Amino acid sequence: MRHSISSGMLALGALLAAPAAAQDDAIVVESPLMHPAAGLMNDHMHEGGELMLGLRFERMHFGGTNRSGSDPISDADVVAAGYTVRTQSMTMDMVMFDLMYAPNDNLTFMVMPHYMWHRMTMLGIDPAGGMGGGHGGHGGGHGLPFGETHEHGTEGFGDTLVSASYRLARKPGFGAHATLGLWVPTGSVSKKNADGSFVHYGMQPGGGTWDLEPSVTVTGRAGAIGLGAQASYRWRTEAHNASGFAFGDKARVTGWVSTLLDGDVGATARLEYVHEGQVQGHYNGPHNHDAPPDRQENYGGDTVSAGFGLNWLLPVGGPRRPQLSGELSVPLHQDLNGIQAPQDWRFTLGISQTF
């Protein structure tokens with residue numbers, strides 16, 4: 001983990017040096033068409049007095065053959081590990097409202113509440129019947145007969161991100177800023193199944209802990225080509241929430257290249273590495289142990305993804321036109337803790353207006 005973070009910081013240092021050669025160009029670094037398209041937070045700042053309102057929708061889909069580490073794992077091996085049910089597919093939808101305000105050129109504040117939907121389909125995989133009790137459940141067993149599926153879901157407000165970004169550098173062709181984010185535990189961590197048992201850890205809309213997320217972002221531009229990188233770390237400051245558990249810390253390093261296609265459209269390509277720790281603690285009420293997502297060791301891991309996006313200034317309004325942004329991200333490599341359904345793709349679509 002320390003090696004991964006160190007590698008990311010070295011990559012940031014390389015990008016800090018690279019744009020310096022472009023300082024003779026009279027360039028506005030933070031052209032919105034060259035920001036990462038929709039899928040990244042705290043990637044830009046605003047001019048003093050500017051207000052931005054935005055709305056984003058994100059969908060993530062997981063499914064297919066489950067994995068242990070980076071390798072597929074057969075249903076027979078999942079049963080041998082003590083489970084009677086596995087995840088067949090899961091969709092997570094999230095709507096985020098962006099509110100950004102810059103009291104001056106060097107400081108930008110952001111508030112981002114979330115609303116989330118989780119939908120999961122489980123598959124019975126135990127030929128012996130598998131009617132509950134895998135891995136020694138603590139009440140509320142929901143085992144399934146072999147080959148049968150069960151769909152269930154949750155929804156609710158997620159946690160709210162409040163952040164402040166401070167400008168570290170601003171020169172022609174180069175910019176840098178640092179951000180300190182605070183995740184406020186506004187989301188529920190007590191969603192339950194119809195039988196009164198807790199849902200899978202990953203289906204709770206919130207995290208239930210106060211989290212700090214510092215990040216550093218650098219950007220550069222030479223002509224119609226832009227470069228950028230960001231490193232962040234989400235630290236769960238509490239060992240457990242009101243329901244007895246805490247999600248793992250999350251480190252993220254991403255870098256992107258962008259280009260202007262014309263005066264109204266920009267394209268971006270992005271690589272991202274994410275490391276997330278496993279769930280800590282344990283539910284403090286009735287819950288299941290029949291399926292991998294019922295157990296805390298089957299969360300987190302390492303993922304490398306590639307994202308491709310577009311930013312478009314819509315042909316409406318005056319000189320400050322609204323911007324539509326979209327990004328499709330697909331995993332290139334996944335090394336998952338325990339047994340999990342791998343991520344298939346992530347799509348983010350956003351619209352924003354600066355005043």
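Helices are DSSP runs of H or I with at least four residues and strands are DSSP runs of E with at least two, both numbered from the N terminus. My entries use this numbering of elements for a predicted model, in which local features need pLDDT of at least 70 and side-chain atom pairs count only at pLDDT 80 or more, while totals for chains, interfaces and linings use all residues. Residues are numbered from 1 along each chain as its sequence is written, and side-chain values use heavy atoms, with hydrogens and water left out.

**Entry 1**

Alanine 38 has a phi near 70 degrees, which is a positive value in a residue other than glycine, and I find alanine 38 in the loop between α1 (2-17) and β1. Its relative accessibility is 9%, so alanine 38 counts as buried (under 20% relative accessible area, with exposed over 50% and partly exposed in between, for a 1.4 Å probe and protein chains only).

Asparagine 42 also has a positive phi, near 55 degrees, and is again a residue other than glycine. I place asparagine 42 in the loop between α1 and β1, and its relative accessible area of 11% makes this residue buried.

I then turned to strand β5, residues 107-112, and asked which residues form its covered face. Thr108, Met110 and Met112 are on the covered face, whereas Leu107, Phe109 and Val111 are on the uncovered one.

For pairing I required at least two DSSP bridges between two strands. By that rule β5 pairs with strand β4, residues 85-104, in the antiparallel sense over four bridges, and I noted valine 111 in β5 opposite leucine 99. The two strands form a hairpin, with two residues between β4 and β5. Strand β8, residues 160-171, is joined to β5 by six bridges and also runs antiparallel to it; here I read tyrosine 166 in β8 as the bridge partner of leucine 107.

How many bridges join β16 and β17? I count 13 in the record of bridges, in the antiparallel sense, with β16 covering residues 301-313, and alanine 306 stands opposite valine 330 in β17. Strand β18, residues 343-354, pairs antiparallel with β17 over seven bridges, and serine 329 stands opposite arginine 346 in β18. β17 and β18 form a hairpin with two residues between them.

Strand β2, residues 67-69, runs antiparallel to β17 (residues 323-340) and is joined to it by three bridges. For serine 68 the bridge partner in β17 is isoleucine 339.

**Entry 1: the nonpolar cores**

Next I looked up the nonpolar cores, meaning sets of buried Ala, Val, Leu, Ile, Met, Phe, Trp, Tyr and Cys residues joined through side-chain atoms within 4.5 Å. In soluble globular proteins, nonpolar side chains tend to be buried together. The largest core has 29 residues, and those with the most contacts inside it are Met122, Tyr201, Phe245, Val279 and Tyr283. The elements that give two or more residues to this core are β1 (51-63), β4, β5 and β6 (114-124), and β4 supplies the largest share, six residues.

A second, separate core of six residues includes Ile73, Leu123, Ile125 and Ile339.

**Entry 2: valine 78**

Leaving aside neighbours within four places in sequence, valine 78 is in contact with Ile73, Tyr83, Arg86, Ile125, Pro292 and Ile339. Valine 78 and isoleucine 125 are 47 residues apart in sequence, yet their C-alpha atoms are 8.3 Å apart in space.

Definitions and conventions: Contact = heavy atoms within 4.5 Å.
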